[in-house]
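This report describes how two chains meet in a structural model. The sequence and structure are shown first, and the description follows.

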Amino acid sequence: MKLEDLKKAVDGDRGVELEEGDARYTVAVAMGTCGVSAGAREILAALMDELAARDIVDVIVTQTGCMGMCDREPMFEVRAEGAEPVVYGDMTPEKTREVVAEHLAGGTPIEEYTV
Amino acid sequence: MEELALHILDIAQNSIRAGARNIRVTVEEDAEADTITIVITDDGSGMGEETVKRLLDPFFTTRDTRSVGLGIPLFAQTAETCGGNVGIDSELGCGTTVTARFQLNHIDRPPIGDMAATVWALITLNPKVEFKYRHARDGAEFAVDTAEIKNFLGVRKLNSPRMARYLKEYLSDGEERLADG
Ligand SMILES: Nc1ncnc2c1ncn2[C@@H]1O[C@H](COP(=O)(O)OP(=O)(O)O)[C@@H](O)[C@H]1O
Ligand SMILES: [Mg+2]
């Protein structure tokens, strides 16, 4: 794959210039040492891949540090304007994809996975 | 950590937390010299001499790891178990360079691991930071410069889910070509 091929990614990509303030949800993946060693990188991969697969363009994915519950890593937090953040813990790529479907696409948090 | 690539992801988080706008990651494998050299450089807030000394002092790290951090001591420990070491060069207000050396053929050396995934994660999570990445292996190399990519594509960020997909493929391809020689 050449750099030239990345142009296909930009063509008609509605998510390319999304600003933090305009996002429906912001997802912050915990990237402290505890998170990274527990698999945060693979959680991020599942998150981005499922968002792309569903063509969801109004969610921003960002990072945060250690959330103080190292034994519950990998973790991420879903923030929405005017709502309490929802914190997910003990995540796996599969559970992450479910959260994208139910929470980020469907609007309903998965209580069972929250901490 | 099971991969050197995960250490790199973790060490680069320090740079991000230090407010770096530019981060350079270099991985050099040299079979002849039997070394792997990893360098992470940032233009973040830097550290004072005392902090650096404490970070690399086994006395502090074994007594109460929490009080001086975990990531750098872990990285240093990994390096030391395979005949290498970690050095830090930092200046307050200027930035930091973390250099790690490993013996390539040491039996306890963790694999380099998925560098494409590590670089991809850094770029995806930090759209406003510019990354220069270079992976050299016995004369061949794969290099990425986010400022150059953004300029080429005419965009300011590389973090949309769709871009992330393409970027991942681009990075994996580059790493694979390097691995195939
Ligand atoms: N690149 C850097 N720039 C500025 N300060 C740094 C950098 N790397 C490490 N530090 C300082 O050293 C501390 C310890 O780092 P680390 O061992 O990774 O543990 P942690 O990130 O958990 O604090 C950091 O909290 C920070 O104060
Ligand atoms: Mg750290």
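## Salt bridges

A salt bridge is counted where a side-chain nitrogen of Lys or Arg lies within 4 Å of a carboxyl oxygen of Asp or Glu. By this rule, 17 salt bridges are found over all chains. One of them joins the side chains of Glu28(B) and Arg134(B), with an N to O distance of 3.3 Å. This pair links distant parts of the chain, 106 residues apart: Glu28(B) belongs to strand 1 (residues 22-30) of chain B and Arg134(B) to strand 5 (residues 130-137) of chain B. Helices (H or I, at least four residues) and strands (E, at least two) are DSSP runs, numbered from the N terminus.

## Basis of the model

The model is predicted: local features need pLDDT of at least 70 and side-chain atom pairs count only at pLDDT 80 or more, whereas totals for chains, interfaces and linings use all residues; side-chain values use heavy atoms, with hydrogens and water left out. Residues are numbered from 1 along each chain as its sequence is written, and chains are lettered from A and ligands numbered from 1 in the order in which they are written.

## The interface between chains A and B

The contact (heavy atoms within 4.5 Å) takes 36 residues from chain A and 40 residues from chain B. About 3400 Å² is buried between the two chains, with carbon and sulfur atoms giving 62%; this buried area is the accessible area (1.4 Å probe) that two parts lose on being put together, summed over both. In chain A, the residues that lose the most area to chain B are Met1(A), Leu3(A) and Arg41(A), together 23% of what that side buries.

Two salt bridges are counted between chain A and chain B. Asp49(A) forms a salt bridge with Arg165(B), where the closest N and O atoms are 3.2 Å apart. On the side of chain A that touches chain B, helix 1 (7-10), helix 2 (33-38), helix 3 (40-53) and strand 2 (59-64) of chain A each supply at least two residues. Helix 3 of chain A gives the most, with eight residues.

## Helix 3 of chain A against helix 6 of chain B

The axes of helix 3 of chain A and helix 6 (residues 115-125) of chain B come within 10 Å and cross at roughly 65 degrees. Such axes are lines fitted to C-alpha atoms, for helices over the stretch in contact, and angles run from 0 to 180 degrees between N-to-C directions. Arg41(A), Leu44(A), Ala45(A) and Met48(A) of helix 3 of chain A make this contact with residues of helix 6 of chain B, including Trp120(B) and Leu125(B).
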